[in-house]
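Please read each point alongside the structure.

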Amino acid sequence: MNCGEPHDTDCSEVLSEVWLFLDQECDQSRRAALQTHLDECHPCLEQFGLEEHLKALLARKCGGDYAPADLKARIRATIVEIRTED
């Protein structure tokens, strides 16, 4: 996705990191860059809002269960692998 407006951080990059942002799993400088983009880009902010609602719904419906650490590590490794292939 790209809104067509120039940004320091590309829309597709922001949207690929939405869950890291929501889970506060990115460093402060990256978080600030993502927040700046969301403040400037209505389409990304709208998508962010949908993801935020989805996260809240999952938290309510899943009873606050946490994924095992090994599952998180496998998912992160897969994401890194996919991102480096692009």
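**Notes on the predicted model**

1. In this predicted model, helix H5 gives the largest share of the lining of the largest pocket, namely six residues. The elements that each contribute two or more residues to this lining are helix H2 (18–22), helix H4 (42–61) and helix H5 (69–85).

2. The volume of the largest pocket is about 840 Å³. Its lining comprises 20 residues, and those nearest the centre are Trp19, Asp23, Glu25, Lys55 and Lys72. Sorted by class, the lining holds ten nonpolar, eight charged and two polar residues.

3. Glutamine 24 deserves a separate remark. This residue is located in the loop between H2 and helix H3 (28–40). Most residues other than glycine have a negative phi. Glutamine 24, although not a glycine, has a positive phi of about 55°. With a relative accessible area of 59%, glutamine 24 counts as exposed, because that value is over the 50% cut-off.

4. Aspartate 10 is found in the segment before helix H1 (11–16). Its side chain makes a polar contact, at 2.4 Å, with the side chain of serine 12. The relative accessible area of aspartate 10 is 33%, so the residue is classed as partly exposed, between the limits of 20% and 50%.

5. Which distance separates aspartate 10 and histidine 37 in space, C-alpha to C-alpha? The two residues are 8.4 Å apart by that criterion, while 27 residues apart in sequence.

Technical notes. Residues are numbered from 1 along each chain as its sequence is written. This is a predicted model: local features need pLDDT of at least 70, side-chain atom pairs count only at pLDDT 80 or more; totals for chains, interfaces and linings use all residues. Side-chain values use heavy atoms; hydrogens and water are left out. Helices (H or I, at least four residues) and strands (E, at least two) are DSSP runs, numbered from the N terminus. Buried means under 20% relative accessible area, exposed over 50%, partly exposed in between (1.4 Å probe, protein chains only). A polar contact is a pair of N or O atoms within 3.5 Å; within protein, one must be able to donate a hydrogen and the other to accept it, and residues adjacent in sequence count only if both atoms are side-chain atoms. On a 1 Å grid over the protein atoms alone, a cavity is a set of points where a 1.4 Å probe fits but cannot get out, and a pocket is an open set with protein on both sides within 12 Å along at least five of seven lines; lining residues have an atom within 4 Å of a point. Grid points are joined across faces, edges and corners, and a volume is the space filled by probe spheres set on the points. Ala, Val, Leu, Ile, Met, Phe, Trp, Tyr, Cys and Pro count as nonpolar, Asp, Glu, Lys and Arg as charged, and the others, Gly among them, as polar.
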